[in-house]
Amino acid sequence: IFHLSPNREGEEATKTNAIIWLATAIGCAVAGFGIAYLGFYSTIAILAFASAAIVVPAAMLWKIGNKSVIPKTDNMTKLLNPWGKGRLFWLVSLALMLYSFATYPLITLMLPAFMNLQLGFDYVSVGLLFMVYNLIASAVTIVALRWALNFRRALFQTVVGLVAVFLMPSSGLFFLTSFFALAFVRGLSIAFFEHSVAKVAIKSKNVSVDIGWLHAPMRIAEFLSVLVAGFLIQTIGFGPIFAATGVFFAAFSFLSVSILKQQ
C-alpha cells in the first residue's frame, strides 16, 4: 500500500489505528460485562470465536486479482535477510520498541491490575473505562492528523505523559484525570509511530517483510515488558514501573522527532 509519500501513508496508517481503537473500545466493554456476568472462561471462548473471524478478510486479501501473493522459494532467503537495512531502519525499529515498553505493559497489565487491586474497580467499571480510553485515543488521533509532528508536539505529549504516570500511583480521586490524560497522549503519539514506519517502508522493495523486521524487536519487548513488569510490581510496587513507562515514552517521542527530520 506504500505508493504515495511517507506523509500520506503515515496519515493513512494513523487513521487505521483510530479505527482499530474504536473496535478495541467495543471489545473492552464487552470483555468487562462478559467477565462480570459470564465468567472468564466463557468470555475468553466468545472473544476467541469472534477473533477467528479475521480469517475472512485475510482470505480475501490473500490474492490480488487472480495472482496469489506468495514469493518464489528461491527468493525467500534474500527476502528474509535483515542485514544491510541501514542505520535509519534500525533507529525506527528501536523507536517502536521504546513505544512498546511505554505502552504495552501499562495497558495490558499495570492499569487493569492497579484499578482492580488498588482502587477496587469491578470488571464492568474497568471494561467501560478502557472503552472510554480507546474512544478518546481514537478521537484525538483523527483530530490531530494535520498537526505538525515537531519538537513542540513531542515535548507537549511527553510532559503530559510524564505528569500522568508519576501522579497516577498516588492520584486517588484524580486517578481518572491521569488515566484519560494518557489516552489523550496515546492519540497524539501514534502519528509519530506510523510516520516513522512509513519513512523507511516506502523505500522498501519488500514492504511486508521490512515491516515485519521493524516490528520484531517491538514484539520481543512486549513479551519481556509484561514479564518483567509483573515481577517488579510484585517486589517494589506500581510507582517505579509507572515512572519507567513515562521515561520510555519520552525517549520514543524525541527519537521519533529525530527520525522524521532525517532525509
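These are my notebook entries on a predicted model of one chain.

**Entry 1: the chain overall**

I began with the secondary structure and counted ten helices and two strands in the chain. Reading along the sequence, I wrote the pattern down as α-α-α-β-β-α-α-α-α-α-α-α. I then looked up burial: the chain has 263 residues, and 41% of them count as buried. For contacts between residues at least 6 apart in sequence, I noted that 82% join residues at least 24 apart.

**Entry 2: α5 against α8**

I turned to helix α5, which covers residues 87–118, and helix α8, which covers residues 175–201. Their axes lie 11 Å apart, and the helices pack at an angle of about 155°. Because angles over 145 degrees count as roughly antiparallel, I put α5 down as roughly antiparallel to α8. I recorded the crossing of these two helices as left-handed.

Next I listed who meets whom. From α5 the contact includes Leu-88, Phe-89, Val-92, Leu-96 and Tyr-99. Further along α5, the contact also takes in Leu-106, Ile-107, Leu-111, Phe-114 and Met-115. On the α8 side I found, among them, Phe-175, Phe-179, Leu-182, Arg-186, Ile-190, Phe-193 and Lys-199. Sorted by kind, the residues of this contact are 17 nonpolar, two polar and two charged.

**Entry 3: α5 against α6**

Which residues of α5 and α6 make the contact between these helices? I first took the geometry: α6 runs over residues 123–143, and α5 packs against α6 at an angle of about 135° with the axes 10 Å apart. That angle makes α5 oblique to α6. The crossing is right-handed. To answer my question, α5 supplies Ile-107, Leu-111, Pro-112, Met-115 and Asn-116. The partners in α6 are Tyr-123, Val-126, Leu-129, Phe-130 and Tyr-133. I counted nine nonpolar residues in this contact, one polar and no charged.

**Entry 4: α5 against α9**

I looked up one further partner of α5. Helices α5 and α9 pack at an angle of about 35°, and their axes are 7 Å apart. Here α5 passes α9 in a right-handed crossing. The residues of this contact divide into 18 nonpolar, six polar and two charged.

**Entry 5: a salt bridge in α9**

I searched for salt bridges and the count came to one. The pair is Glu-222 and Arg-219, and their closest N and O atoms are 2.7 Å apart. Both residues sit in helix α9, which spans residues 207–236. Glu-222 and Arg-219 are three residues apart, so about one helical turn separates them.

Arg-219 has a relative accessible area of 46% and is partly exposed.

**Entry 6: Ala-31**

At 18% relative accessibility, Ala-31 counts as buried. Leaving aside residues up to four places away in sequence, I found that Ala-31 touches Thr-43 and Leu-47. I also looked at Gly-127, which is 96 residues from Ala-31 along the chain. The C-alpha atoms of Ala-31 and Gly-127 are separated by 6.3 Å.

Notes: Residues numbered from 1 in each chain as written. Predicted model: local features only at pLDDT ≥ 70, side-chain atom pairs only at ≥ 80, totals over all residues. Heavy atoms only, no water. Axes fitted to C-alpha atoms, helices over the stretch in contact; angles between N-to-C directions. Helix = DSSP H or I, 4+ residues; strand = E, 2+ residues; numbered from the N terminus. Parallel < 35°, antiparallel > 145°, perpendicular 65-115°, else oblique. Left-handed = near helix turned anticlockwise from the far one by under 90°. Contact = heavy atoms within 4.5 Å. Nonpolar A, V, L, I, M, F, W, Y, C, P; charged D, E, K, R; others polar. Salt bridge = Lys/Arg side-chain N within 4 Å of Asp/Glu carboxyl O. Buried < 20%, exposed > 50% of the residue type's maximum accessible area, 1.4 Å probe, protein only.
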